[in-house]
Amino acid sequence: MYTQLADWHGPGPWILLIPLVWIAVVVLVIAVLRRTVWRRHGCGFGVGVGAAAEHPLAVLGRRYAEGDIDAEEYRAKRAVLSESPRDDARGGGAR
């Protein structure tokens, strides 16, 4: 009995594989969730998904391309969206 305990040298280097397996499982679960559930609900990491994240000028250009608005209305709305904000709109007050 004593010789059997004396010959045992511990679990060996394979014990290092256990944390690697758990890390792989966590990465796999996150990858599956990102491809299925989170994408369906629009929960991205810095990536806008859907119409809510679309830039207003892009929406205007799409509407013009689809024929919803004419050239005159497109130019007028683009000018309004492209102009810089005025001081009084930001609460600067009268001078």
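1. Residues are called buried under 20% relative accessible area, exposed over 50%, and partly exposed in between, with a 1.4 Å probe and protein chains only. V25 counts as partly exposed because its relative accessibility is 37%. V25 lies in helix α2, residues 17-35. Helices here are DSSP runs of H or I with at least four residues, strands are runs of E with at least two, and both are numbered from the N terminus.

2. The model is predicted: local features need pLDDT of at least 70, side-chain atom pairs count only at pLDDT 80 or more, and totals for chains, interfaces and linings use all residues. Residues are numbered from 1 along each chain as its sequence is written, and side-chain values use heavy atoms, with hydrogens and water left out.

3. On confidence, pLDDT is the predictor's confidence in each residue, from 0 to 100. The mean for the protein is 78, and 66% of its residues reach 70 or more. Helix α1, residues 2-7, has the lowest confidence, with a mean of 60, whereas α2 has the highest, at 93.

4. The secondary structure consists of five helices and zero strands. Read from the N terminus, the order of elements is α-α-α-α-α. Of the 95 residues, 3% count as buried. The accessible surface is about 8,600 Å², and carbon and sulfur atoms account for 63% of this area. Such areas come from the Shrake-Rupley method with a 1.4 Å probe; for residues, only the protein chains shown count as cover.

5. V25 also belongs to a nonpolar surface patch of about 1,200 Å², whose members include W14, I15, L16, W22 and V29. Patches are made of residues with over 30% relative accessible area and no salt bridge; nonpolar side chains (Val, Leu, Ile, Met, Phe, Trp, Tyr) are joined within 5 Å, and like charges within 9 Å.

6. One aromatic pair is found in a search of the whole structure. Y64 and Y74 form this pair, which is stacked, with 4.6 Å centre to centre and 20 degrees between the planes. Because Y64 lies in helix α4 (residues 56-66) and Y74 in helix α5 (residues 71-82), the pair ties together parts that are 10 residues apart in sequence. Rings of Phe, Tyr and Trp (its six-membered ring) pair if their centres lie within 6.5 Å; planes under 30 degrees apart count as stacked, over 60 as edge-to-face, and the rest as tilted. Y64 is partly exposed, at a relative accessible area of 37%, whereas Y74, at 18%, counts as buried.

7. The number of salt bridges comes to three, a salt bridge being a side-chain nitrogen of Lys or Arg within 4 Å of a carboxyl oxygen of Asp or Glu. A network of salt bridges links E54, R62 and E66. E66 and R62 both lie in helix α4, four residues apart, about one turn of the helix.

8. E54 is partly exposed, with 31% relative accessibility, and R62 is partly exposed, with 36%. E66 counts as exposed, because its relative accessibility is 51%.

9. A further salt bridge joins E73 and K77, with the closest N and O atoms 3.0 Å apart. These residues are separated by about one helical turn, because they are four residues apart in helix α5. E73 is partly exposed, at 31% relative accessibility, and K77 is partly exposed, at 33%.

10. G61, placed in helix α4, is 17 residues from R78 in sequence and 8.8 Å from R78 in space, C-alpha to C-alpha. At 26% relative accessibility, G61 counts as partly exposed.
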